[in-house]
Amino acid sequence: MIFKYKDYYYTIMISVLLIAAGFFALSCIHSTAAFIFIAISLIIFLLFVFITYKRIKEVHEMSDYISHISNGEYDLDIKDNKEGELSILKNNLYKIIVTLRSQQELLCKDKNYLADSLADISHQLKTPITSITMMTDLLKNETDEEKRREFTEVINSQLSRVNWLIVTLLKLSKIDAGVIEFENTNESLKDILDDSVKPFMLSADVKGIALHAECSDDIFVDVDKNWYTEAISNIVKNCIEHTNEGGYVKVHAYQTPIFTKIVIRDNGTGIAPEDLPHIFERFYQGKNHSEASVGIGLALSKSILNKQNSIIDVKSAENSGTEFEITYYKVIV
């Protein structure tokens, strides 16, 4: 193995020549000294060959391991706690391998997540597009004005749904990619809550649901008002969708020296225990989901709140309502 490398080959050949030259030179002077010289030289030479062979073998093992890694095999372990520069190199290489393996696992998860997301998006878009196509075909041959108006309203409704879906997905993608810069300013929480419930006052009234928000004037938070309002609005919308006629959706807030708490409570259909851990997952729809639900509103809310120094939690029981708690921390500990 050693003789495959020119540097070691030349070193060994020169060493042999020098030993031979020294031996013959000492033979002319003193034969005993010559034999002592040759014995010591051979011992040193053999020791050098042994150490070199061992080092080359270890380098070969590392080379083979790197070859396995390049083929995607990460199961081998070359951790070495011995002293020496080569051992340090081994340990550093192992750290790199662990990092590469973690990155590969993350890439696989991202790839699977992307595939699942595309499948979910395709499914969500398929229904309204199919409805629009069908209504368009019927509209071509329909002469009754009332029917044409009805078909047109359905088309407009489905187009609005597609538009909302695309816009929401784009927002989620931008937040995940970190390309959105939140412009945080000191904002009145009362104004944020009022703006969050205002768009739903009419729909809640038509459905017979009592909707109101309570918050004192002296609570302020450092957030991006528009994004924070959207996050809370999505939660309020979800509560209204799952609350029956005669029910209520209440929003109130209070503060402590450490955090500000926003509580959004309804007395609607509630969430099944098996669905509760998944409600913030994209496109997840529990058994009590509404027909208009797509499954990305709460996911968007959580993404926004997490970027705004806030966390969200939920408590619910079937037929007993749901309570969302948003905790905004004043200081990052």
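Colleague: Which residues does Glu-323 touch, not counting residues up to four places away in sequence?

Modeller: The model is predicted, and the contacts are read from its coordinates. Glu-323 belongs to strand S7, residues 322–329. Leaving out residues up to four places away in sequence, Glu-323 touches Val-263, Ile-264, Arg-265, Asp-313, Val-314 and Lys-315.

Colleague: Is Glu-323 buried or exposed, and what is its relative accessible area?

Modeller: Strand S7 is mostly covered, with seven of its eight residues buried. Buried means under 20% relative accessible area. Glu-323 is therefore buried, at a relative accessible area of 15%.

Colleague: Which side chain is joined to that of Glu-323 by a polar contact of 2.6 Å?

Modeller: Strand S5, residues 259–266, runs antiparallel to S7, and eight bridges join the two. Within this pairing, Glu-323 in S7 is the bridge partner of Arg-265. The side chains of these two residues also make the polar contact of 2.6 Å, and the residue asked for is Arg-265.

Colleague: How many residues lie between S6 and S7 in their hairpin?

Modeller: Strand S6, residues 310–316, pairs with S7 in the antiparallel sense over seven bridges. Ile-311 has Thr-327 as its bridge partner in S7, and Ser-310 has Tyr-328. Asn-319, in the turn of the hairpin, has a positive phi of about 65°. The number of residues between S6 and S7 is five.

Colleague: Which strands stand at the edges of the open sheet of five strands, and why is one side of each left without a neighbour?

Modeller: The order in this sheet is S2-S4-S5-S7-S6, with mixed pairing. Two strands have a single partner strand each, so one side of each is left without a neighbour in the sheet. Those edge strands are S2 (210–214) and S6.

Colleague: What angle does the direction of helix H5 make with that of S2?

Modeller: Neighbouring strands of the sheet are turned by 10° against each other on average, direction ignored. Helix H5, residues 189–197, packs on this sheet and touches S2, S4 (248–255) and S5. Its direction and that of S2 make an angle of about 165°.

Colleague: How far apart are the ring centres of Phe-182 and Trp-227?

Modeller: A search of the whole structure finds three aromatic pairs. In the pair of Phe-182 and Trp-227, the planes stand at 70°, so the pair is edge-to-face. Phe-182 lies in the loop between helix H4 (145–177) and strand S1 (185–188), whereas Trp-227 lies in helix H7, 45 residues apart. Both residues are buried, and their ring centres are separated by 5.8 Å.

Colleague: How many residues apart in sequence are the parts tied together by Phe-259 and Tyr-329?

Modeller: The ring centres of Phe-259 and Tyr-329 are 6.3 Å apart with planes at 70°, so this pair is edge-to-face. Phe-259 is partly exposed, with a relative accessible area of 21%, and Tyr-329 is partly exposed at 30%. Phe-259 lies in strand S5 and Tyr-329 in strand S7, so the separation of the parts they tie together is 70 residues.

How values were computed. Residues are numbered from 1 along each chain as its sequence is written. This is a predicted model: local features need pLDDT of at least 70, side-chain atom pairs count only at pLDDT 80 or more; totals for chains, interfaces and linings use all residues. Side-chain values use heavy atoms; hydrogens and water are left out. Helices (H or I, at least four residues) and strands (E, at least two) are DSSP runs, numbered from the N terminus. Buried means under 20% relative accessible area, exposed over 50%, partly exposed in between (1.4 Å probe, protein chains only). A polar contact is a pair of N or O atoms within 3.5 Å; within protein, one must be able to donate a hydrogen and the other to accept it, and residues adjacent in sequence count only if both atoms are side-chain atoms. Contact means heavy atoms within 4.5 Å. Two strands pair if DSSP finds at least two bridges between them. Axes are lines fitted to C-alpha atoms, for helices over the stretch in contact, and angles run from 0 to 180 degrees between N-to-C directions. Rings of Phe, Tyr and Trp (its six-membered ring) pair if their centres lie within 6.5 Å; planes under 30 degrees apart count as stacked, over 60 as edge-to-face and the rest as tilted.
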